[in-house]
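Good morning, everyone, and thank you for coming.

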Amino acid sequence: MWHVGIDVGGTFTDLFALNGETEETVSAKVLTTAEDRSIGVLEALDSANIRPADIRVLVHGTTTATNALVERSYPPIAMITTEGFRDVIEIGRQRRQHLFDLRQKRPEPMVARRLRFTLACRLAASGEDIRPFDAEEAAGAARRIKQLGIESAAICFINSYLDSSHETQMRDILRAHHPDCHIALSCETVKKFREHGRFSTTVIRAALLPVMTRYFSRLRDGLKSNGFAGSLLAIKSNGGMMGVDLAIERPEELVESGPAGGVAYARYLSQTTEFSNIIHTDMGGTTFDASIVDQGEGLITHDYQLEWEIPISIPMLDIRSVGAGGGSIAWIDSGGSLRVGPQSAGSDPGPACYGLGGEAATVTDANFVLGRLDGTLGGKMTLDAEASMRAVTNIGEQLGLAPLETAEAIILITCESMAQAIKLLLTDRGRDPRDFVLASSGGAGPMHACFIARAMSIPRIIVPSHAGVASACGAISMDIRHDLEAFYYAPLTDADFAHLNRLYAGLESEGRNLLSLDGIGEDKMTVVRHAQMRYVGQLWEVLTPIRDGELSAAGAQEIADAFHAAHDAEHGVKSPTFPVELVSIGLTASGEFMRPASSAAPDSAAKAGETSTRSVYFSGLWHEIDIHAGEELQAGVTITGPAIIDYQHSETVLPPATHATIGADRNLIITLDETD
Amino acid sequence: MAKPGPKPRKSAAGKSGNSLDPITFSVILNRFNTIADEMTLTMEKTAWTSIIALARDFSCAIYDAKARQICMMDALPVHTNSMHVVLREIARVFEGNIHDGDVIVCNHAYSGNTHVGDFVTACPIFHDGKHMFWSMTKGHQLDCGAFIPTSTPAAAQNVWQEGLQLPPIKFYEKGKRREDVVRMYLANMRWQEWLYGDFMAQLGSIWTGRRRLVELAETYGNDEMEKYVEGIFDYADMRMASEIRTMPDGDYDGVSWLDTDGQGGTNIEVRARVSIRDDKVHINFAGSAPQTPGANNSSFGVMQAAAGIPIMCAIDPSIPHNDGCLRHISAEAPEGSVCNAQYPASTALATIGPDDTMQDAVWKALAKAVPERVIGGNGRIPNVPFFSGTDSREAEDREWGCMFFNGATAGGASSSTDGWPLIMTSAGMGGLKILSVEMSEMLYPMRIDRQEINTDSMGHGKYHGGPGVNIQISPTSGAMECNLFGDGQLNPPFGVMGGTQGMGGGSYKESLTTGKRTYCSSKGRIIIAEDEVWVGESSGGGGYGIALSRDPELVLGSVLEGLLSVACAKRVYGVVIDAATMTVDPKKTKALRKKLRAAGVSRHVTVPNVPGAADWAQRRLRPGDEFLIDPQ
């Protein structure tokens, strides 16, 4: 029986599968079918020769949710909120993205203002019900929503994190009047204060409920009618997975469902190789994603923004994207300086060398001019060398540079901007680059990894053996994971530990219950507690690990110490004499699923096999270098740069002054030699 | 195996004759930006007070050893367009006595700082024994030790009433903290722990900058570094020069008014002449009113910033805002005028009313030169108070204070886009953030009853200004003190090229028992009792172009979204909407627009051109209501 990971991206649908009995693995890449993405999933299975009936588990990552949000291609939704606050999602935090740009536009709010209804009921910050819920008024809003034919609504009241009763009463009335309406409650979506994040996340849930219900039903039906009888799981933004039934109820957790698979792969690497701290990067045609795996776990953020001032306030992997990819376009600004991206040629018309009418010089063209790219793109198409040269020459003439220098400059500037994006991520999260190795995935990633690492002074790179289908491969190494939170605000010295213990116990039983729904046995469950804490008077919290077992006032110092350490790790400073407070508590309940076994220990006697050669340009010189077929290299082989290692779905470029070793699981470990 | 390729050529970038490698140039430019970003992140995430950690009233920047701005990112314009002024004074004061490990602070407006509330930390950065850079932050403090609990005391009449004055002074010398000096500073402040926390955040930020800049100097060496810094200036210089050459040479005049001086004087005039010559712009505030007796005067630093910000907004936003760009703009104002006060006049509110009034005069002048590159007026902030009081919700009473940005005003429209909702003053240009309602209610003894878009509050036009907001707050634990320090109640955001002015706006308190309203001018101190509610209404931004030429379907969209009323659509836009079907009646619209056009449309480049043109108060005042001007 097969364990299958499938990642449905904007352009390609990737598959990676492991046979539980024979330990055989297969991978496949097919074009995504935009009109009905479940067709692409079936095609990928077909291309890998896997019958749906032979699948035990199918783990699925998808960008469907993100696309629906970004394109606003969900059916109109309504919002019911507190009188006086219908504009919370429109006003946001009021900040502008580019202070000096007078013509920028705000992203459209997710709910039209005319569809934001208000009720007079109001809770005070003390929890007191100062204007009671009025069932008649609520029924009026419910009737109007039904009348307008709206199929999904978000219910978001101020201070509902303290008491959910107004929201649940509104839900019951709406359900009674309009049984088919999808409903999202803010008190259920985010159990914390700060209305902008809670409302925005709830609205996103409401927008996705109809979209993802349809998507998953169609996918499940498609699979079932072809004989599929296994478990269907979805990848969550937090780096774990959940059953599809739950995913339909909590679709806001699917926004990073695509890239999260890649991070899971990096996490798997951190657990199966000697590298426990990994910067995971993924570079495709238009974007570059970076994230951190620290001590074997992907770093989580609580303030993700879908678009400018549209936050999703749930724990999500901290994945940062910049517009840099193979299709990024080189251009000259009005001061005569060379820039690359964020504009991308995409796949249509694509880089000049695709010969589909693109004339702009892209990163792919620069690589091709330098001889670093196989002229057939792994047999997919024949690239047009003249078109690339023309495009790059054109840029070079404006700079007074020869074409080859220009091409090297384009690569260098792209790699530099990717390196800076990683640096900002590391600073933001208080991490030191010297403690990390760089993992490089994605179709275009391994081609640039050495240059990015050099710009950041990171000497070690790992190119995982399945870099070209990283997200699909990561999908089958994941755990089921649920993040649960509860609001609890008090200075640590005043904390009611009996109450805290009850809250943690409640969260834990909820977490275990969710895991058992996906068939996880008690022995496979892990629960890790944490709390959002800050210094009294401070306004941003830091996630602090909390130990297991009964908490008591006697253990308060231990909690404070854990916070000081976490604050130091995040921000590089701590103030051990300052008082500390709790803002909310939470836990992560995870259930171990299955892991692909590690294989093929390195053999130091192994030798590189057959190679071909090609002329490749590095640092002002042409080199005649070896091209190795990656799939044929034995573990233990060492290759000295300059060289190219050609894998099925990606190509690794080793510039001079580097060497690489094939490690366990045939991962490529690259070392940058010291240079002056 | 290697065979030689074409020899790498060096291209001559820049006019200083340096031969620079264009690729290294891009790399270094990018790294400076990242370092300034890192400094900003460090400060935001570690600060203690809401004014810095949440509202983001701070800036970080990098300078070379000659105090020339190399890089600023994502910061408050009124800070970063003038931080070099105070840094030059710091460098002058300590000339010959600047060492590795020093941290120099300053909040003194007469040393080139913006106003007493802004606290500067600067550290010189050395590499191989040579002074190479400065890293610097400026953060708005919650308190500065004034006689009332606010760092923007509108009633201050001189520097002594403003609070503690810190001319450039070392808090660290050669890496050692001067504990006695830091204690003296804190002893003068309210909420000492919070302010100490903010100070630590400002230190963390400049030290992050130092660490990264030393790494950079190590990579390239001092000589190369200096060469490329010059190249970075030259690059911005060249782009800025060609940008300004596209603006027609000439002298252009603008005039605007400050509502009140905080002491009862009204409509204080500011005049600006913008002179464009080849690649230079000079702004002269000659002819402006004399300095006022209160705190509403500009410092030299703010005058420099206010003159430059509109110009910086009118250029390609991708030109780096470094010394090479700034050197094309110069400004002057007569000493002793409201634009450039003379010691010991108070300038505590310089970054607020005076800044925005000066900017409005410059924007209006610029509209005559390059109308397509300006926007309608941005709202000032007549209703962003500093609230304070005693919190008795817990067993132990606690003093509290908070600058409350949530009722901020909106931005003006451009020649191709509607205005940004809530830009919050031209000094900030949208760099500030508002506070969470739920968090405010938890932290402070207040209830926020409303925070919603204000219908018909904006200036109209082919593109309308962003809408303002209506905000309503009640104290929940005894009376609450409300210190207003803004402007723009009497003088609304201006309209451009036929666009109309914003509504103006302001605030009042209303008694829940009698219903009586007490209006307060944009400055002053009022007490909100427990049976009273404070209401702020902010203005939308100014409009751009003639409203009668706005697409009727867009007008309908704004009506459906509740931004405009049906009546306003008809009266101002000439769009007739059928109330039953909520659709545009094209026939009636055509006829009405023809009639309105015949009646005449504005031919002014900007409106209003008279002081005190806002009609918000007249529209809202009812019999029996009271209006207080600058109550103290």
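In this model, which is a predicted one, the C-alpha centres of domain 2 of chain B and domain 3 of chain B lie 28 Å apart. To place those two on the chain, chain B is divided into domain 1, covering 22–239, domain 2, made of 376–546 together with 607–632, and domain 3, covering 549–601. Where domain 2 of chain B meets domain 3 of chain B, nine residues of domain 2 are in contact with 10 residues of domain 3, and on the domain 2 side these residues divide into three nonpolar, four polar and two charged.

Chain A is likewise divided into domains, namely domain 1 (71–213), domain 2 (328–414) and domain 3 (480–591), and there the C-alpha centres of domain 2 and domain 3 lie 50 Å apart.

Let me turn to the strands of chain B. An open sheet of six strands runs in the order β15-β16-β22-β19-β20-β26, with mixed pairing. Which strands of chain B stand at the edges of this sheet? They are β15 (446–453) and β26 (626–628), and because each has a single partner strand, one side of each is left without a neighbour in the sheet. From one strand to the next, the twist averages 20 degrees. Within this sheet, strand β16 of chain B, residues 469–475, pairs with strand β22 of chain B, residues 532–537, in the antiparallel sense over four bridges, and you can find B:Gln472 opposite B:Val535 in β22(B).

Elsewhere in chain B, strand β4 (residues 103–106) and strand β7 (residues 169–173) run antiparallel and are joined by three bridges, with B:Val105 standing opposite B:Ile169 in β7(B). Strand β7(B) is also joined by two bridges to strand β8 (residues 176–177) of chain B, again antiparallel, and here B:Glu173 stands opposite B:Lys176 in β8(B). Together β7(B) and β8(B) form a hairpin with two residues between them, and in that turn B:Lys174 has a positive phi of about 45 degrees.

Now for the place where the two chains meet: 71 residues of chain B are in contact with 64 residues of chain A. Several elements of chain B each supply at least two residues of this side, among them α7 (192–220), α8 (222–245) and β15, but the largest share, 12 residues, comes from α1(B). By class, the side of chain B that touches chain A has 36 nonpolar, 19 polar and 16 charged residues.

How is a pair of packed helices described? One gives the angle between their axes and the distance between the axes. Helix α12 of chain A, residues 403–428, packs against α1(B) at an angle of about 15 degrees, with their axes 10 Å apart. Angles under 35 degrees count as roughly parallel, and α12(A) and α1(B) are therefore roughly parallel to each other. Their crossing is right-handed. Residues making the contact include A:Leu412, A:Glu416 and A:Lys423 of α12(A), and B:Val27, B:Asn30 and B:Asp37 of α1(B). By class, this contact of α12(A) with α1(B) has seven nonpolar, six polar and five charged residues.

Technical notes
Residues are numbered from 1 along each chain as its sequence is written. Chains are lettered from A and ligands numbered from 1 in the order in which they are written. This is a predicted model: local features need pLDDT of at least 70, side-chain atom pairs count only at pLDDT 80 or more; totals for chains, interfaces and linings use all residues. Domain bounds come from an automatic or database domain assignment. Two strands pair if DSSP finds at least two bridges between them. Axes are lines fitted to C-alpha atoms, for helices over the stretch in contact, and angles run from 0 to 180 degrees between N-to-C directions. Two residues are in contact if their C-beta atoms, placed from the backbone, lie within 7 Å. Ala, Val, Leu, Ile, Met, Phe, Trp, Tyr, Cys and Pro count as nonpolar, Asp, Glu, Lys and Arg as charged, and the others, Gly among them, as polar. Angles under 35 degrees count as roughly parallel, over 145 as roughly antiparallel, 65 to 115 as roughly perpendicular and the rest as oblique. A crossing is left-handed if the near helix is turned anticlockwise from the far one by less than a right angle, and right-handed if clockwise.
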